[in-house]
Amino acid sequence: MSKIGIDLGTTNVKAVLYNDELKEVKKVSIRVQTKYDGEYAEQDIQEVYRASLSCLNQLVDESVTHVSFSSAMHSIILALHPEHCYTNNVIWVDNRAKKV
C-alpha cells in the first residue's frame with residue numbers, strides 16, 4: 001500500500017510516492033509562480049491546485065492508500081470551494097499586516 005506526500009511550497013509543488021516500506025519510489029515537482037509587489041506575496045490558487053492535481057496524477061495508482069499535504073508556513077485563501085476562490089493564496093512572506 002503506497003503513500004503520497006505533497007508539499008505546497010513557495011516556488012514548487014512537490015510530491016513523492018512511497019512504497020509499503022516507506023522507500024521513495026518516484027518524485028515530481030512543478031514550479032508555481034509567486035507574485036511579489038511591495039508588501040504583497042501571493043500565488044494564483046488555481047495554479048497551485050492544478051499543479052497539485054498534476055503531481056497526483058503522475059504518481060497515483062490503485063495501490064495508493066494515503067495522501068498527505070503539507071506546507072512549511074501559513075497561507076490564507078478565502079474560498080467556498082477550490083473552484084470558487086475569492087482571493088489568491090496569500091503566503092507566509094506577505095507583509096501587509098506587519099504594522100498591525
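Is L22 buried or exposed? At 54% relative accessibility, L22 counts as exposed, where exposed denotes a relative accessible area over 50%, buried under 20% and partly exposed the range in between (1.4 Å probe, protein chains only). The structure is a predicted model, in which local features need pLDDT of at least 70 and side-chain atom pairs count only at pLDDT 80 or more, while totals for chains, interfaces and linings use all residues. Residues are numbered from 1 along each chain as its sequence is written, and side-chain values use heavy atoms, with hydrogens and water left out.

L22 is located in the loop between strand 2 (12-18) and strand 3 (24-31); strands (E, at least two residues) and helices (H or I, at least four) are DSSP runs, numbered from the N terminus. Although L22 is not a glycine, its phi is positive, at about 60 degrees. Most residues other than glycine have a negative phi.

Six bridges join strand 1 (residues 2-8) to strand 6 in the parallel sense, and I6 stands opposite F69 in strand 6.

Within strand 3 lies K26, which is partly exposed at 40% relative accessibility. Not counting residues up to four places away in sequence, K26 touches A15, V16, L17, Q58 and L59. A polar atom of the K26 side chain lies 3.5 Å from the backbone oxygen of Q58. The C-alpha atoms of K26 and S63 are separated by 14 Å, the two residues being 37 residues apart along the chain.

Strand 4 and strand 5 run antiparallel and are joined by four bridges. D37 stands opposite Y40 in strand 5. The hairpin of these strands has two residues between them, and G38 there takes a positive phi near 65 degrees.

Five salt bridges are present in the structure, each defined as a side-chain nitrogen of Lys or Arg within 4 Å of a carboxyl oxygen of Asp or Glu. The side chains of E39 and K98 form one at 3.6 Å, N to O. E39 lies in the loop between strand 4 (34-37) and strand 5 (40-43) and K98 in the segment after strand 10 (89-91), so this pair ties together parts that are 59 residues apart in sequence. E39 is partly exposed, with a relative accessible area of 33%, whereas K98 is exposed at 54%. R96 and D94 meet at 2.7 Å, N to O, in a further salt bridge; R96 is partly exposed at 36% and D94 is buried at 15%. Salt bridges link E42, D94 and R96 in a network. In the pair of E24 and K27, the closest N and O atoms are 4.0 Å apart. E24 is partly exposed at 48%, and K27 is exposed at 57%.

Technical notes. Pairing = 2+ DSSP bridges. Contact = heavy atoms within 4.5 Å. Polar contact = N/O pair within 3.5 Å; in protein donor to acceptor, adjacent residues only side chain to side chain.
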